[in-house]
Amino acid sequence: MLLLDYCRTHDITFETKQQLIEAFRIPISMTESVDRATNFTLFAMRKKYRELAISSTGVFI
């Protein structure tokens, strides 16, 4: 989660989890943690998007 926060703060993006793993040289033993963190982050983003869509009078595509 710290790496994901760092990336968000510094506007660093990756298209795949593998790119993130390679960029920060995350050991194979920690790749499950990357999966959990990125899945949690995606879940939180979807939840926030749904909340914004519900409270907005605008149109979301």
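The dialogue below goes through the terms applied to this predicted model.

Mentor: The model is predicted, with local features needing pLDDT of at least 70, side-chain atom pairs counted only at pLDDT 80 or more, and totals for chains, interfaces and linings using all residues. Residues are numbered from 1 along each chain as its sequence is written, and side-chain values use heavy atoms, with hydrogens and water left out.

Trainee: Why is D35 called partly exposed?

Mentor: Buried means under 20% relative accessible area, exposed over 50%, and partly exposed in between, with a 1.4 Å probe and protein chains only. D35 has a relative accessible area of 32%, so D35 is partly exposed. D35 sits in helix α3, and its C-alpha atom is separated by 7.7 Å from that of K17, 18 residues apart along the chain.

Trainee: How many residues of the chain are buried, as a percentage?

Mentor: Of the 61 residues in the chain, 15% are buried.

Trainee: How many helices and strands does the chain have?

Mentor: Helices (H or I, at least four residues) and strands (E, at least two) are DSSP runs, numbered from the N terminus. On that basis the chain has 3 helices and 0 strands, in the order α-α-α from the N terminus on.

Trainee: What makes up the lining of the largest pocket?

Mentor: A pocket is an open set of points on a 1 Å grid over the protein atoms alone, where a 1.4 Å probe fits, with protein on both sides within 12 Å along at least five of seven lines; lining residues have an atom within 4 Å of a point. The largest pocket has 15 such residues, with L4, T13, F14, T38 and T41 nearest its centre. Two or more lining residues come from each of α1 (2-9), α2 (17-23) and α3 (31-55), and α3 gives the most, with 4 residues.

Trainee: How much space lies in the largest pocket?

Mentor: A volume is the space filled by probe spheres set on the points, which are joined across faces, edges and corners. That gives about 440 Å³ for the largest pocket and about 170 Å³ for the second largest pocket.

Trainee: What classes of residue line the second largest pocket?

Mentor: Ala, Val, Leu, Ile, Met, Phe, Trp, Tyr, Cys and Pro count as nonpolar, Asp, Glu, Lys and Arg as charged, and the others, Gly among them, as polar. The lining of the second largest pocket divides into 10 nonpolar, 2 polar and no charged residues. Its lining residues include M1, I26, P27 and S33. For the largest pocket, the lining has 7 nonpolar, 4 polar and 4 charged residues.
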